[in-house]
Amino acid sequence: MEETSREAVATAVQRVAGMLQRSDQLDKVEQYRRREARKKASVEARLKAAIQSQLDGVRTGLTQLHSALLDVKDIQGSLADVSKDWRQSINTIENLKDVKDAVVQHSQLASAVENLKNIFSVPEIVADTQQLIEQGELLQAHRKLMELECSRDDLMYEQYRMDSKNTSDMSLISIYFEDVQGLSDELAKQLWMILQRSMLTVRRDPTMLVSSVRIIEREEKIDRRMVDRKKQTGFIPPGRPKRWKDKMFQVLEGTVGTRIEGTQSVTKEADKMWLVRLLEITRKYVLDDLIVVKNLMVQCFPQHYNTFNRFFGLYHNAVSSRVKELASEDLEANEIVSLLTWVLNTYKSVEMMGHPELFSEYDINQLEPLLPQDVVDDLLSKYVKTFTSNITGWLRKALETDKKDWQKETEPEADQDGYYQTTLPAIVFQMFEQNLQVAAQIDIDFKEQVLKLCLKQMNTFLIRYREEAVTYKEEHMRDRQMPQCYVQYMIAIINNCQTFKESINSLKRKYLQSSEPTDSDAAIERTLNEVAKEGCQFLLDEVFLDLEHHLNELLTRKWLTGSHAVDTICVTVEDYFNDFNKIKKPFNQEMTGEALRRVVVEYIKAVMQKRITFKNADERREGAERMIKEADQFKFLFRKLAAGEDTDRLCGAIAAIAEVFKLTDPTLLFLEVTTLVSKYPDIREEHIQALLAVRGDASREMRQMIIGTLSENKVSYSGVTQPIFKDITVPTMTMTTMTSMATAKLLK
């Protein structure tokens, strides 16, 4: 208590100190005292009120406890009196057993009297009920049936209560009412028939469907009542519970199943489009029926039946069963695609279960898949296997058809830009496009899988295409007159390679999600380039076969005295390149450059073969001038043909060799040869020896000096430009050749 007082004093001191921090606050001391006095009076008043309230509550509680004690004593006395009276009345209750039996008998007799009229009128009621059922008055028929069943059940129940083991009386009642069970079965048949035609009935006469549902609901209530009575008494009437509600749902399920199974209007043998027709009819039936259920059927059933969701589930299960049956059949590739497209896309789309009129009633995302994933995977695997087999056959047939076109006597068709082409790329990629469009309907991943499969098959096909192009060239080489349009169709083969590239890139842009290269890209690119380059090489071979005779005239005595070989070469090349202009870029540019290189190489080969040895300075001058003139002819021709930047360098090689021949002062020969080597570092020693041999005035010592000096100061070849002399060989002089040349000199 003292500690509390000290804390209170300390708190008060703090408060006063807080109030009197400035000197001007001393004038307000009296005001502070009055305010604190008022607060103190207020707190004391609240404390007094709280204590008074607590005291009143305690007083009231004590009063109620005293009253309760008195009541308990009164009840205890009353229970004692009741116990005493009960013990005295046990004998009296045993004496009332006869009265109890009389009451039971009176109850049975009263029930018999009550049902007596019905018992005697059972045959009449049975006949009336039968007539009402036949007339379709099902509600009235059911009311009379309930009266009959009620009379029978009450009699049997009373008999059961009197003597549950007396089966003879029970049998007698059953025999008397045996027609009642027949009426119940007949009424049930009518109900099931109405439910089986519920989609038609709800449109024409919904009241009949409503009556049927009402009857079933009544029977369901009677079933529940009879089951409850059985739990209490052990008695249940014959034929109960009927479970008509469960039977109703079974009938509806069977009706939906029959509806779905009946959608196949044609057989597989009669119509190739049988599956498409079946799926479309199924779609239409399901959608129409569910809209009817939503707008009409739900009004005919109690709300707690959850009618729309129940029918939605029934149709889903029926369609799933039907689709599984279809999936187990031996389907063709196009049928597999039709089925999977319908299952994976159409079924949940707005055209069917996702229709706007149904979407608000059911969440289609909660639906189980129509087909298990393993079945879908099996179908996809089967489709891929069949597609692979089919596409191999299609590509083979397309190539065979194209090969037949190669033998035609008419030129191939040209595209809008004038480039020769055949129909092969269009046929192949139309085939790919159609299958990819189909695959895209199924699934994005499957679409990419099919595209990769197409590209893989494309690579195999291009290898065969290359082999056939080589065979085509070899057959032509055996008889160059056949086929007549060999050059034009070889150009078309080259152009097809570029078309294939463009078409493949187009398909990848359209059907691949990512831009990453596929496994087949590099192989396809490599094969297409090889086919195109080999085709260009075959065409150049054709050109140089025609030029062979004229190339053999170069750097001979006939050439020196006057020959039109180079003129003929230029005219022939230009004539061929009028056709080669029909080759697409970049192959036409590469081919022009290669043609120029081969012409120059063949010209230099003629020099290196030492077909002529100049006898004097005049011949060297004349030959050199002729070579320079012919180099200019080649330069003019290939500039005209747009051979590229390498034209001057290649033609310059001929002019550079001519300068070596044209030189009149042998002492400067080393400088001229050094200039040639610096321009064309791939030139070898044997090439220089051949040039000096053709010049004819270089002594052995000079040749050795030039070769030796060049060997010591050999210029390294960087490989930046395409070599000219690398593939040119200098023929070695055999003993037979040397003997024949010596003999010729002696004879001369």
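Me: Contact means heavy atoms within 4.5 Å. Which residues is Gln498 in contact with, leaving aside its neighbours within four places in sequence?

Reply: This is a predicted model, in which local features need pLDDT of at least 70 and side-chain atom pairs count only at pLDDT 80 or more, while totals for chains, interfaces and linings use all residues. Residues are numbered from 1 along each chain as its sequence is written, and side-chain values use heavy atoms, with hydrogens and water left out. Gln498 is in contact with Lys584, Lys585, Pro586 and Phe587 once neighbours within four places in sequence are set aside. Gln498 itself lies in helix H18, a helix being a DSSP run (H or I, at least four residues) numbered from the N terminus.

Me: What makes Gln498 count as buried?

Reply: Its relative accessibility is 13%. Buried means under 20% relative accessible area, exposed means over 50%, and partly exposed is in between (1.4 Å probe, protein chains only). Gln498 at 13% therefore counts as buried.

Me: Why are H17 and H18 called roughly antiparallel?

Reply: H17 and H18 pack at an angle of about 170 degrees, with their axes 12 Å apart. The axes are lines fitted to C-alpha atoms, for helices over the stretch in contact, and angles run from 0 to 180 degrees between N-to-C directions. Angles over 145 degrees count as roughly antiparallel, under 35 as roughly parallel, 65 to 115 as roughly perpendicular and the rest as oblique. H17 and H18 are therefore roughly antiparallel to each other. Among the contact residues are Leu451, Leu455, Met458 and Phe461 of H17 and Met490, Ile493, Phe500 and Ile504 of H18. By class, the contact of H17 with H18 has 16 nonpolar, two polar and four charged residues; Ala, Val, Leu, Ile, Met, Phe, Trp, Tyr, Cys and Pro count as nonpolar, Asp, Glu, Lys and Arg as charged, and the others, Gly among them, as polar.

Me: Which residues touch the most other members of the largest nonpolar core?

Reply: They are Leu339, Met458, Phe500, Leu554, Phe580, Met627 and Phe634, out of 201 residues. Such a core is a set of buried Ala, Val, Leu, Ile, Met, Phe, Trp, Tyr and Cys residues joined through side-chain atoms within 4.5 Å. Helix H18 (residues 486–511) supplies the largest share of this core, 13 residues. Beyond its neighbours within four places in sequence, Phe634 is in contact with Val566, Ile569, Cys570, Val599, Tyr603, Cys651 and Ile654.

Me: Is Leu555 buried or exposed?

Reply: Leu555 has 1% relative accessibility and therefore counts as buried. Its phi is near 55 degrees, a positive value in a residue other than glycine. Leu555 is found in the loop between helix H19 (521–553) and helix H20 (557–562).

Me: Why is Asn306 called partly exposed?

Reply: The relative accessible area of Asn306 is 41%, so Asn306 is partly exposed. Asn306 also has a positive phi, about 55 degrees, although it is not a glycine. Its place is the loop between helix H11 (274–295) and helix H12 (307–328).

Me: What makes Phe312 buried?

Reply: Phe312, in helix H12, has a relative accessible area of 0% and is therefore buried. With neighbours within four places in sequence left aside, Phe312 is in contact with Leu290, Met353, Tyr362, Ile364 and Leu367.

Notes
Helices (H or I, at least four residues) and strands (E, at least two) are DSSP runs, numbered from the N terminus.
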